[in-house]
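I opened this model to look up its overall build first and then the surroundings of a single side chain. My entries follow in that order of interest, beginning with the terms I needed.

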Amino acid sequence: MYPLLVLLTPIAGAVILGLWGHRASAGGVNAAISLLTLIAAALLTAQVVEYGPMLAFDELFFVDSFNVFLVALTALVGFTTALFSRPYMLIEMHHGRINARRLRLYHASYQLFMFTMLLALLTNNLGIMWVAMEAATLATVLLVSLYRTPASLEAAWKYFILCGVGIAQALFGTVLMYFASEQVLGAGGTALLWTHLDAVKSQLEPSVLTLAFVFLLVGYGTKVGLVPLHSWLPDAHAEGPTPVSAVLSGLLLNVALYALVRNKVLADGALGSDLTGNLMMGFGLLSVVIAAFSLSRQQDAKRLFAYSSVEHMGLITFAFGMGGPVATFAALLHMTVHSLTKSAIFFVVGHASQKAGTQMMDSIRGLVDTNPTIGWGLMLGSLAILGMPPFGVFASEFLIITTAMREHPWATPFLLAALGVAFAAVFGKVQPMVFGETTGRRLPHPPAILPVFAHLALVLVLGVYIPPYLAQWYRQAAALIG
Amino acid sequence: MSASMSTQLINLFASLLLLIAFAMLAQRRVLSLIHLFAWQGAVLALNTTLVAFVTDQHHLYYSALLTLVLKVILLPWILHRLIDKLNVRWDVETLVNIPTTMLIGVVLVIIGFNVAMPISHLSATVTRGTLGIALASVLLSFMMMITRRKAVPQVIGFLAMENGLFFAATSATYGMPLVVELGVALDVLVGTFIFGIFTFHLREAFDSLDIEHIEKLKER
């Protein structure tokens, strides 16, 4: 029942906002619908906590400890981003960057986007998962180009074509997966159900699964933003409206990685070798290093944090690649804290660039003077994302690096150097933005501060104390992924 | 129909698809590209019907029908409307080095066959021989997208790639489950619509559908 509720709420929301999304109150309606989705997700979570993994609707949906926390996280960040987007979009309208029609498009697409991500997470069918991932791209293309500036259109075009081509590779991978499973499970609808595949994964043909995994890695890896397939990511993040950047970075990348890891579990079972892990480690490490060294060249605040997302997704991919209970636990924790921290940073960066009238970091100065909460939000968020204790990012990065030292010592210098470079680059750019001479103007609507500090507080809590049930999920999920 | 006869026919359709993929690679005129795309869909639908008939897989009739409606009628119709409205019906693209492109295309076909070979051996379908061709047409469409500099041909390349993937699914496994195929078809349709809307925005902002004019967002 609850999985359906989680999915139907945003669909209903998309219809409602498609009709009335241009009204001034639409921002509030958007937040209210996201809150309902969050409540449905919380009920689903409570049910899974109590009764364990569940299948629903003729095995169409599958919820276990791996995806339930991602569903909860997606619904939570979806709700807080909707809270943030209400004043943000009002200010954008006030500045004349969008009109009522585009606001309607924005609100309807936002809910559709939430629906596609939740569908990709909840479905048990690998084919539907692919369909939902592609639909998530389609739902956001017109959001990236919402301002209709030449740069935003170019970013959206790149996003459309590169992610489209990338995800087509994943479709071929899925076809191969079906081919392998059909020989064991027989033709028909059940042969693509993950739970059925998981039960027979050791009998799947290894050579087919190898090829399938390579295609899936390239395909979903494009959406995760792994180097060298990442070139759409900074553009799409920088040119779209900031709430879209926040959900792209905080949620979509996670969902794409989730799809990849689900497939990896099957490939690992069939291959019984380290091949998939090694591939993911290689791509992950490359992303961490290249992204860290690209950070210092950035002048646009949102591009800077987009590259930081590439770096962190690389780190998570690397951790999943290493495998084992500790590294996987750390990867799941990092997914959670990165998503919360990065969306909080985008919230403050969004308001900061509205104050300065530009996203160029050289022109954003002295945030603390004009609006201390935005200034401190940016400072604390940056420190959190750079892995300073006591924030949660430190805990997960610490676990990842110590595991790497123990099991893959060759990778440690690269990781440490990249994290050091990233620290120097980001901190050096953020510090004058926060403390320099002020340049900002007043915002016509009060900014949304609550979501920022709520996220940072959660990240702080996760840094010092992980609630037992959450740790329990992570452990169960880690055991599942292996 | 005898088994060898049907295999022959399936192979004939597969080679037609490969031929169309090559023709698309070399075709300069937008209008002819759309015609080729429609033909590709028609061959695909015929092939799927034949496989459905030979193997008695009833769900394949539905997917053949879906292909016919979507890829022979609906998508080409949308594309025709689009090039009319954008006034690019008679556009001719300058393609550099067609002979080199074709040679690279031949290499791609060889790669496609080599990658598909081990899988074809494992397959028990009557269509297994054609998996190499399917992969080759995916790669050729990919190549086409890379060599094109205009928005509409790039998207036709993208749609042709999806055709290749659909063909791969039919030849390796007698098609994906129907619910997945419906989902994929929906995505393709919505994607084409969004592309249609998008080209007008592009045109408004750049006065051109030339990707080279659009690509300015380099690392700053």
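I took helices (H or I, at least four residues) and strands (E, at least two) as DSSP runs numbered from the N terminus. The model is predicted, so I kept to its rules: local features need pLDDT of at least 70, side-chain atom pairs count only at pLDDT 80 or more, and totals for chains, interfaces and linings use all residues. Residues are numbered from 1 along each chain as its sequence is written, chains are lettered from A and ligands numbered from 1 in the order written, and side-chain values use heavy atoms, with hydrogens and water left out.

Overall build. I counted 19 helices and two strands in chain A, and I read off a span of about 65 × 55 × 45 Å for its C-alpha trace along the principal axes. Of its 482 residues, 65% count as buried, where buried means under 20% relative accessible area, exposed over 50% and partly exposed in between, with a 1.4 Å probe and protein chains only.

A:Asn67. I found this residue in helix 3 (residues 65-94) of chain A, and it is buried, with a relative accessible area of 0%. I then looked up its polar contacts (pairs of N or O atoms within 3.5 Å; within protein, one able to donate a hydrogen and the other to accept it, with residues adjacent in sequence counting only if both atoms are side-chain atoms). The side chain of A:Asn67 reaches the backbone oxygen of A:Phe62 at 2.8 Å and the backbone nitrogen of A:Asp64 at 2.9 Å.
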